[in-house]
Amino acid sequence: DHWIAQNAALEEFEKEYAWMRTFFVEIAQFNLNTSNFGLRLRVFGGAALSMVDLITDIYMTVKFFNTEGQEGYGRINVWLIVLTMACQILISYLQNSKKPSVFIQDAFFTLIGFRPALDAYRVGSGS
């Protein structure tokens with residue numbers, strides 16, 4: 001309604017061709033149902049946040065090790081980072097034990113901290 005009210009030509013077109021509004025609504029609905037832009041935006045946004053989180057964890061770990069009396073917190077952060085990466089690698093192995101090349105790729109991206117980007121790419125591309 002708002003779109004048609006803003007454009008005088010569309011008002012005239014709608015008066016002359018009554019089927020026009022239904023036609024445009026169907027096209028818009030089809031585009032919304034078949035588009036995966038929102039999915040990609042959420043997936044890549046989540047991957048970016050996850051990678052930034054890892055960077056801030058590493059930064060805080062370094063800060064803890066460089067602050068006298070805080071080294072214990074640094075060791076805890078290291079263990080937590082290693083534990084989460086180990087869990088990701090273990091799950092990847094369980095899922096891809098029959099596909100060594102996929103497992104090696106997953107393990108590599110996990111160890112360098114880019115696993116969220118790899119997963120986002122796989123979801124966004126449909127692979």
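The model is predicted, so local features need pLDDT of at least 70, side-chain atom pairs count only at pLDDT 80 or more, and totals for chains, interfaces and linings use all residues. Residues are numbered from 1 along each chain as its sequence is written, and side-chain values use heavy atoms, with hydrogens and water left out.

Let's start with charge. Side chains of opposite charge can pair when their charged atoms come close. Here the structure holds 4 salt bridges, a salt bridge being a side-chain nitrogen of Lys or Arg within 4 Å of a carboxyl oxygen of Asp or Glu.

Take D106 as the way in. D106 and R122 meet through their side chains in a salt bridge, 2.8 Å from N to O. D106 sits in helix 6 (residues 100-111) and R122 in helix 7, so this pair ties together parts that are 16 residues apart in sequence. Helices here are DSSP runs of H or I with at least four residues, numbered from the N terminus. Both partners are buried, which means under 20% relative accessible area; exposed means over 50%, and partly exposed is in between (1.4 Å probe, protein chains only).

R115 lies in helix 7, which spans residues 115-125, and counts as buried at 12% relative accessibility. Its side chain also makes a polar contact of 3.3 Å with that of T110; a polar contact is a pair of N or O atoms within 3.5 Å, where within protein one must be able to donate a hydrogen and the other to accept it, and residues adjacent in sequence count only if both atoms are side-chain atoms. Setting aside neighbours within four places in sequence, R115 is in contact (heavy atoms within 4.5 Å) with Q88, S92, D106, F109 and T110.

E14 and R21 meet in a salt bridge of 2.6 Å, N to O. E14 is partly exposed at 22%, and R21 is partly exposed at 30%.

Last stop, the surface: F13, Y17, W19, F23 and I27 make a nonpolar patch of about 480 Å². Patch residues have over 30% relative accessible area and no salt bridge, with like charges joined within 9 Å and nonpolar side chains (Val, Leu, Ile, Met, Phe, Trp, Tyr) within 5 Å. Areas come from the Shrake-Rupley method with a 1.4 Å probe, and for residues only the protein chains shown count as cover. I27 sits in helix 3 (residues 20-34) and is partly exposed at 36%.

Notes
Helices (H or I, at least four residues) and strands (E, at least two) are DSSP runs, numbered from the N terminus.
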